[in-house]
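This report is written for a reader meeting the structure for the first time. Please keep the sequence and the model in view while reading.

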Amino acid sequence: MAQAAAVAKPPAPPRRRRASATPRRLPYLLIAPAALLMLGFIAYPVLSVFYYSLQNYNPTKPWRNGFAGLDNFTRAFAHDPQFWDTLTFSAKWVVVEVGLQLLFGLALALIVNQTFVGRAVGRALVFSPWAVSGVLTSAIWVLLYNSQTGISRYLADAGLGSYGTSWLSDTSTVFPAAVVADLWRGVPFFAILILADLQSVSKDLYEAAEVDGAGRLKQFWHITLPHLKDAIVLSTLLRAVWEFNNVDLLYTLTGGGPAGETTTLPLYIANTSVDAHNFGYASALTTVAFVILLFCSIVYLRLSKFGGESR
């Protein structure tokens, strides 16, 4: 009888079943309908604008339609002074509006962040204008600026100004009047975002600063502002893009007047496409506006170091 004992081999490990490909693909299948809708409603119109910017396309003059190359862009930069006027006003509108909205929004956020009686009601009143649509906001301010029933009449009754004054038809007052109307709607946006970020600041930082003898101003400069940096950068960027594309309020308030004093580039594009039916040239102007916004956004994010650590 052989003495060599057979060495028992360990049982082979069970084969792992190959994972089914269906669970891996399931998330993509679930988001596919939404992705297709976004592709259809966003990508296609954007690509169409780029296409028509290289075309002469006017439905009322079909005999002139055809490939234009860069003629539309050449016309905008070299032969259309109204393009430069509207672009200049758009830049002025964005700087003034975003700067004032940020200033007042920050102040309101700091106020409603404090503890006081009726704070919930105060916050609701501060944030309520943001829930009003742009057209309805414009209608409210058109009534307020009405020369017969608006603010100017009550000021005239008090001996301030004269009767029949229309602030929206005077070139010297139309810009401040439009700025005030848009401030009423835009300030709550900054207040909401900044207040949300303020509530995440640890109170221990302020208590430690008080122990070290730092006053309110130093606490604001060295604690509050650095913490709010990303919120301020993001909110100003978003609001700048929205203000640049502002059409509803200015169109309802002034229609771009008087004498084109409040015509922004998007409003000029709307008039060119809807009123003049020159969709090719309007598409070229839209492409230029898109490139300007994209370039300014990238530069702003780089200079502001968005997402980086605050020193």
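The model is predicted, so local features are given only at pLDDT of at least 70 and side-chain atom pairs only at pLDDT 80 or more, while totals for chains, interfaces and linings use all residues. Residues are numbered from 1 along each chain as its sequence is written, and side-chain values use heavy atoms, with hydrogens and water left out.

## Salt bridges

Side chains of opposite charge can pair when their charged atoms come close. The term salt bridge is used here for a side-chain nitrogen of Lys or Arg within 4 Å of a carboxyl oxygen of Asp or Glu.

| Pair | N to O distance |
|---|---|
| D182 and R185 | 3.2 Å |
| R185 and D248 | 3.5 Å |
| E243 and R239 | 2.9 Å |

Helices (H or I, at least four residues) and strands (E, at least two) are DSSP runs, numbered from the N terminus.

Helix α7 (residues 174–198) holds both D182 and R185, which stand three residues apart, about one turn of the helix. Both of these residues are buried. R185 also pairs with D248; since R185 belongs to helix α7 and D248 to helix α10 (residues 248–253), this contact ties together parts that are 63 residues apart in sequence. R185 has a relative accessibility of 10% and so counts as buried, whereas D248, at 30%, is partly exposed.

The pair of E243 and R239 lies in helix α9 (residues 216–244), where four residues, about one helical turn, separate the two. E243 is buried at 1% relative accessible area, and R239 is buried at 4%. Shared partners join D182, R185 and D248 into one network of salt bridges.

## Helix α7

How many residues of α7 are buried? The count is 19 of its 25 residues, and the helix is thus mostly covered. From first C-alpha to last, α7 reaches 35 Å, close to the 36 Å expected at 1.5 Å a residue; the expected span is 1.5 Å times one less than the number of residues. A kink of about 40° lies at W184, shortly before the proline P188. The bend at a residue is the angle between axes fitted to the seven residues ending there and the seven starting there.

## Pockets

Rolling a probe the size of a water molecule over the atoms shows where empty space is left. On a 1 Å grid over the protein atoms alone, using a 1.4 Å probe, a pocket is an open set of points with protein on both sides within 12 Å along at least five of seven lines, and lining residues have an atom within 4 Å of a point. Grid points are joined across faces, edges and corners, and a volume is the space filled by probe spheres set on the points.

The largest pocket holds about 650 Å³ of space. Its lining numbers 16 residues, of which N113, Q114, Y206, Q219 and T224 are the closest to the centre. Helices α8 (203–211) and α9 are the elements that give two or more residues to this lining.

The second largest pocket has a volume of about 380 Å³. Among its 16 lining residues, V94, V95, A240, V241 and C296 lie nearest the centre. At least two lining residues come from each of α3 (81–112), α9 and α12 (279–304), and α3 supplies the largest share, six residues.

## Backbone geometry in the loops

G257 and P258 are joined by a cis peptide bond with omega of about -5°. P258 is placed in the loop between α10 and α11 (265–275). A259, found in the loop between α10 and α11, has a positive phi of about 55° although it is not a glycine. A259 is exposed, at 77% relative accessibility.

H277 lies in the loop between α11 and α12. The phi of H277 is also positive, near 60°, in a residue other than glycine. With a relative accessible area of 32%, H277 is partly exposed.

How values were computed
Buried < 20%, exposed > 50% of the residue type's maximum accessible area, 1.4 Å probe, protein only.
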